[in-house]
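Visitor: I would like to learn how to read strands, helices and salt bridges in a model. Please take me through them one at a time.

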Amino acid sequence: MTGKRSALFVSACVFPFLIQEGRASAATASHYSRVQPPASVSAVRHGSSARLHSTEGASIRPGSVIEDIEVSGNTRIETNTVLSYMVVRAGDPFAQDDLDRSLKTLYATGLFKDVSLRREGNVLKVRLVENPIVNRIVFEGNHAAKDEDLRKVISLRPRAVFSAENTADDRQKILEVYAQKARYAAVVTPQIVKLAHNRVDVVFQVVEGPQTLIRKIAFVGNKAYGENRLAGVVSSKETAWFRFFSSADEYNPERLKYDAELLRRFYLNNGYVDFQIKNATGELSPDRKSFNVTFTMEEGTRYRLGKVDIRSSLRHVPAKSLRKYIELFAHQWYDGKAVQDNATDMEELLQSQGHPFAMVRPEIARNPEKGVVNLLFDVSEGPRRYIERIDVNGNTVTQDNVIRRQLPFAESDPYTPSYKKYAKAALQDLGFFKTVSIDETPGSAQDRTNVAVSVVEKPTGEFSLGGGYSTDVGVIGNVGLKQHNLLGTGVDAGLSGTMSMWQKQVDFSVTDPAFLGRNIVAGLDLFGIQNKYMTYQNYSESRYGLTLRMGYAYNRFLSQSWNYTLTRRGVGSVWDGSSIYVIDQKGHSTLSQLGTTLVYDTRDNHMNPHSGYMVSLGGDFAGIGGNERYLRGKVNAAYYIPLDDLTNSHEWTAAFRAGFGYMSDWGGGRHDIIDNFYLGGNNLRGFLDGGAGPRSVGGGAHPGEDLLGGRTMYTASAQLNFPIPFLSDMGVKGRAFVDAGSLAGLRVRRNLTNPVTDQPDYTRVSGNSISPRVSAGAGFSWKSPFGLLNIDLGVPVLRSHNDRTQLLRFGFGQQF
């Protein structure tokens with residue numbers, strides 16, 4: 001092409017979103033102008049390739065090479081950096097494929113809005129238009145999703161290179177966030193505001209729209225159970241006016257997968273071994289305002305248990321020795337959960353008996369013609385695995401040893417799946433972490449395992465202001481400052497104060513759950529309390545003192561605690577009309593008491609138990625100095641029965657509780673009524689606090705009727721916890737109960753002298769009878785957004801003539 005000017009032109013550009021000058025409103029569509037090739041020879045990139053075109057019939061001389069590459073248009077990016085991205089170099093031939101690849105490579109970096117390659121003679125000219133820099137990212141119109149939540153999901157960042165493709169991806173991610181909040185009608189419009197110096201503001205304009213709720217839930221293929229029964233199994237619910245505090249009626253594809261699993265478990269636990277979910281779909285209405293959810297299923301045959309047997313290949317463990325641990329029986333409906341629970345129980349029992357690698361696997365054999373499943377528990381030794389190394393990750397505040405001491409294993413110990421479950425539960429119970437995960441990785445040998453404990457910490461400090469009302473002490477106000485993980489050591493320390501109409505209290509406490517690095521819980525409490533019982537007693541009481549505490553666990557279920565209390569008490573605000581027994585109490589006394597409690601606790605949850613039992617045995621000895629001389633013993637038990645099998649719901653529980661206490665005096669100490677047992681209120685609903693049992697009968701110069709307490713007390717309670725229809729989604733739970741108990745045994749001096757007449761006074765006492773008091777009633781608890789509300793209505797069924805009753809008992813409070 002001698003004497004002629006030849007040119008090769010290759011270009012690529014991208015069209016952005018709405019580009020604006022100045023403000024983000026009233027956007028108008030525009031695009032970047034493209035550089036047009038000269039009329040001579042051009043190669044224009046269409047799609048993903050570049051082609052050579054010659055409008056003058058000229059051709060490129062074979063063997064012509066690139067003598068130089070000139071780059072223009074780059075202001076932020078170094079020329080050498082641009083050249084490093086390209087495939088061709090100076091000295092390479094003008095090969096069409098290499099030029100096309102260079103074009104694609106430059107564009108793929110995301111740094112450039114427009115790229116063009118032009119040949120002039122033997123020089124390759126690269127013209128660039130750089131993508132702008134993101135100045136800031138703004139969200140407008142978002143209320144259901146916070147700015148910080150949206151920033152977490154998008155890839156664009158301030159001071160990063162703007163990319164139209166990334167912006168489109170981020171728009172889709174924001175829509176997914178709103179989809180998780182059941183807002184499928186949401187509209188997100190990215191708006192680009194051009195600024196000086198090739199900078200842009202990215203504004204995501206959000207129109208959230210209404211929530212897309214579930215209008216109808218339908219079941220297809222169900223024969224054994226009606227739609228109402230199955231609707232109670234799944235967690236998704238049809239929209240209703242009373243679900244304003246619940247998210248169960250919001251459509252969520254992930255929840256549909258969970259509901260399908262709930263249905264599978266429900267049918268499997270009721271004998272339908274072959275049950276299958278064919279499909280679980282949600283269909284969006286044309287107006288995008290609601291969903292119709294459909295579960296399509298195939299129930300299959302319902303099976304009963306046939307032969308239940310056990311096979312053991314575990315050394316020194318014959319099958320016949322394990323038969324007593326089989327909790328299932330022939331002819332009952334097959335229950336998948338009960339089968340797996342029985343296998344897990346046997347496996348953990350064998351591991352605790354010195355067989356750490358024992359495995360129990362249930363095997364079933366179906367007989368569809370007879371509708372029978374034969375069950376075999378196969379007991380064998382699993383692969384031997386030992387812990388080579390334990391790695392703790394994610395803890396920035398909590399010390400490693402605080403986490404490690406909660407683990408039921410250490411390096412070189414055998415490793416079993418049950419350890420993983422208990423380790424995770426133990427770490428979660430600390431309350432220091434948002435999430436806890438325990439993962440296994442292969443060790444240096446086949447029988448070695450590395451265990452990685454990963455945690456995500458959460459704030460453990462707490463400043464609380466609260467208020468509420470209780471029938472015990474009236475209007476309540478409290479303030480508290482606590483740190484549950486002091487300096488990452490696991491030590492719990494707190495200072496709190498409470499003030500109410502009838503009570504003032506201040507407490508300081510500190511507890512070390514691993515005192516001296518051992519399995520010992522040690523703590524100190526300092527307290528000051530003033531109670532004014534003037535609503536139902538004719539005196540006030542003050543207590544100031546300290547308690548030293550220590551406890552230790554023998555195993556996962558059995559623990560024991562010790563405490564020593566030194567308290568200075570005072571009884572005051574006594575008027576002349578009070579009973580002679582209360583007048584005798586006026587003044588101050590010192591209590592020096594040593595106590596211990598032994599507890600065996602298998603409950604699944606200490607705060608809200610659903611299954612298991614608890615037995616505690618306690619005793620107090622007063623007389624290590626001070627004015628008091630007594631022995632006090634207490635026994636308490638509770639048993640919780642889940643009613644899942646009867647109700648097909650985890651919300652039903654039967655709870656049975658009982659207690660017994662007795663006091664005996666020794667050594668001629670004081671007989672202060674403030675140390676006595678009292679019956680009523682929490683331990684006998686339907687009766688006033690302390691209202692059941694011995695009390696003085698007023699008359700003459702002493703009209704005051706005072707509750708005196710007693711030395712012998714027993715209580716019993718049966719309670720049914722259940723969900724309340726239409727309200728369980730709001731956190732409302734109901735209960736029905738029957739309480740019984742009695743209090744007797746006077747523990748007051750009877751040979752008293754009337755301080756007014758200076759004559760012996762034998763004020764009459766009523767209610768000193770061991771005969772039972774019984775009440776029955778119902779109540780509910782509501783975890784409202786404003787606090788926990790408890791209301792109980794108890795009606796006395798059996799009572800003594802002078803017992804004081806309280807039909808309605810409630811409490812309300814909130815910390816914030």
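Visitor: In which sense do β16 and strand β18 pair?

Guide: Strands of a sheet pair through backbone hydrogen bonds, either parallel or antiparallel. Here β16 and β18 (residues 372-381) pair in the parallel sense, over seven bridges. Two strands count as paired if DSSP finds at least two bridges between them. L305 has V373 in β18 as its bridge partner. A caution on the source: this is a predicted model, where local features need pLDDT of at least 70, side-chain atom pairs count only at pLDDT 80 or more, and totals for chains, interfaces and linings use all residues. Residues are numbered from 1 along each chain as its sequence is written, and side-chain values use heavy atoms, with hydrogens and water left out.

Visitor: What is the strand order of the sheet that holds β16, β18 and β17?

Guide: The order is β16-β18-β17, in an open sheet of three strands with mixed pairing. The edge strands are β16 (304-312) and β17 (358-367), each pairing on one side only. On average, neighbouring strands of this sheet are turned by 20° against each other, direction ignored. The names follow DSSP runs: helices are H or I of at least four residues, strands are E of at least two, and both are numbered from the N terminus.

Visitor: Which strands does α7 lie across?

Guide: Helix α7 lies across β16, β17 and β18, and runs at about 155° to β17. To read such an angle, take lines fitted to C-alpha atoms, for helices over the stretch in contact; angles run from 0 to 180 degrees between N-to-C directions. Contact means heavy atoms within 4.5 Å.

Visitor: What about the sheet with β19, β21 and β20: which strands stand at its edges?

Guide: This open sheet of three strands has the order β19-β21-β20, again with mixed pairing. β19 (386-393) and β20 stand at the edges with a single partner strand each, so one side of each is left without a neighbour in the sheet. β20 and β21 pair in the antiparallel sense over nine bridges. E440 stands opposite V451 in β21. Helix α9 lies across β20 and β21, running at about 155° to β20.

Visitor: How many residues does α9 have, and how far does this helix reach?

Guide: Helix α9 (residues 417-430) has 14 residues and reaches 21 Å from its first C-alpha to its last. That is close to the 20 Å expected at 1.5 Å a residue, the expected span being 1.5 Å times one less than the number of residues. Just after α9, G431 takes a positive phi of about 80°.

Visitor: Which residues of α9 are buried?

Guide: An α-helix has 3.6 residues a turn, so residues three or four places apart point the same way. In α9 the buried residues are S418, A423, A426 and L427. They cover an arc of only 155° around the axis, which puts them on the same side of α9. The arc is that of the directions from the helix axis to the C-beta atoms. P417 and D429, on the other side, are exposed. Buried means under 20% relative accessible area, exposed over 50%, and partly exposed in between (1.4 Å probe, protein chains only). The cover over the buried residues includes α7 (336-352), α8 (400-404), β20 (433-442) and β21 (448-457).

Visitor: How does burial look along a strand? In β7, which side chains point to one face and are buried?

Guide: Side chains alternate along β7 (residues 68-72). β7 pairs with β9 (residues 123-130) in the parallel sense over five bridges. The bridge partner of I69 in β9 is L124.

Visitor: Now the charges. How many salt bridges does the structure hold?

Guide: The structure holds 41. A salt bridge is a side-chain nitrogen of Lys or Arg within 4 Å of a carboxyl oxygen of Asp or Glu. One of them joins K421 and E348, with the closest N and O atoms 2.9 Å apart. K421 lies in helix α9 and E348 in helix α7, so the pair ties together parts that are 73 residues apart in sequence. K421 is partly exposed at 44% relative accessible area, while E348 counts as buried at 17%.

Visitor: And what does E130 form with R76?

Guide: A salt bridge, with the closest N and O atoms 3.5 Å apart. E130 lies in strand β9 and R76 in the loop between β7 and α1 (79-85), so the pair ties together parts that are 54 residues apart in sequence. E130 is buried, with a relative accessible area of 3%. R76 counts as partly exposed at 34%.

Visitor: Which residues are linked in a network of salt bridges?

Guide: R569, E628, R670, D672 and D675 are linked in this way.
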